[in-house]
Amino acid sequence: MAAGDLINRRSAVPFYSQLKDLILADIQSRGLEPGDRLPGDFELCQQYDVSRTVVRQAMGELEHEGVIRRERGRGTFLADTHAPGVLGHALIGYFEDIQSGSGTHHTVVRRKGLVPASAAVAKDLAVKVGETVVEVERVRSMDGAPWALTLTQLPLSVGEGLLTADVDDLSLFGVLEQRFGVRFDHARRLIEAGVAAGEVADVLGLPTGAPVLVMRSVSYDAAGRPLERFTGHHRGDLSRLEVDVRRQTD
């Protein structure tokens, strides 16, 4: 163990706070990944020559911050701080993408109503500029932390029913299909890196310039008519994009 890996007993920084930093540095230096087992309380007491109280306070804060998870009878493990699931993988809608993962998810409507279509919205939804469309803005949270700010626009003929429907914690696709008989067939999606600014930064609790993952999507029916336009800004530190690739055969 290097000198820098020891508790500085002359420092004004509390022992538990120093221990937290030492544990985080150890996780990084060893290249540990989510699910890897971490030393237990007794081992940490011996390794850093601190009391059980100091270890419990440091580990308690790391657990509260989502860095570790403790399982009774099994031990302590490095937590997965990224959104579970495969973002953008489902053919239609991504609400279902995140529902099968671990953690607690909530979706709350910030506002919904009728707005005139901008040039970009009109192009994607194949309506006239200024034509009335339905717009729904929602915030998704994971384990109590805001994770994504999403904005959905739909032609009035498709989305009018959403204006009076309760869609908190529900898939818009599911509501449209099950209650209003809308049938989605395919979608075109673009996923790119971006930075948080303005309302996105405020809602997601991020500093301006923080990294975000931006997903843009237009969904269609079987005849190729656009049904829904979607833009989602996701916290970069809580998101993960998984891609399956196959070798192309000649």
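Analyst: The cover over the buried residues of helix H7 includes strands E5, E6 (145–155), E8 (211–220) and E9 (226–235), along with helix H6 (156–159). Cover here rests on contact, meaning heavy atoms within 4.5 Å. Buried means under 20% relative accessible area, with a 1.4 Å probe and protein chains only. Helices (H or I, at least four residues) and strands (E, at least two) are DSSP runs, numbered from the N terminus.

This is a predicted model, where local features need pLDDT of at least 70 and side-chain atom pairs count only at pLDDT 80 or more, while totals for chains, interfaces and linings use all residues. Residues are numbered from 1 along each chain as its sequence is written, and side-chain values use heavy atoms, leaving out hydrogens and water.

H7 spans residues 172–180. Its buried residues are Leu 172, Phe 173, Gly 174, Val 175 and Leu 176. At the start of the helix, a side-chain oxygen of Ser 171 comes within 3.2 Å of the backbone nitrogen of Phe 173. Just after H7, Gly 181 has a positive phi of about 70°.

Now the strands. E5, E6, E8 and E9 belong to an open six-stranded sheet with antiparallel pairing, in the order E4-E5-E6-E9-E8-E7. Two strands pair if DSSP finds at least two bridges between them. E4 (105–116) and E7 (186–195) are the edges, each pairing on one side only. On average, neighbouring strands are turned by 15° against each other, direction ignored; axes are lines fitted to C-alpha atoms. E4 and E5 (residues 132–142) run antiparallel and are joined by 11 bridges. His 105 has Met 142 in E5 as its bridge partner.

Next, the cores. A nonpolar core is a set of buried Ala, Val, Leu, Ile, Met, Phe, Trp, Tyr and Cys residues joined through side-chain atoms within 4.5 Å. The largest has 19 residues. Helices H1 (15–29), H2 (41–48) and H3 (52–64) each give two or more residues to that core. H3 supplies the largest share, five residues. Apart from it lies another core, of 14 residues, which includes Phe 173 as well as Val 134, Leu 154 and Ala 165. Phe 173 is one of the buried residues of H7.

Finally, the whole chain. The protein has eight helices and nine strands. Of its 250 residues, 41% count as buried. Among contacts with a separation of 6 or more, 57% join residues 24 or more positions apart.

Methods
Buried means under 20% relative accessible area, exposed over 50%, partly exposed in between (1.4 Å probe, protein chains only). Axes are lines fitted to C-alpha atoms, for helices over the stretch in contact, and angles run from 0 to 180 degrees between N-to-C directions. A polar contact is a pair of N or O atoms within 3.5 Å; within protein, one must be able to donate a hydrogen and the other to accept it, and residues adjacent in sequence count only if both atoms are side-chain atoms.
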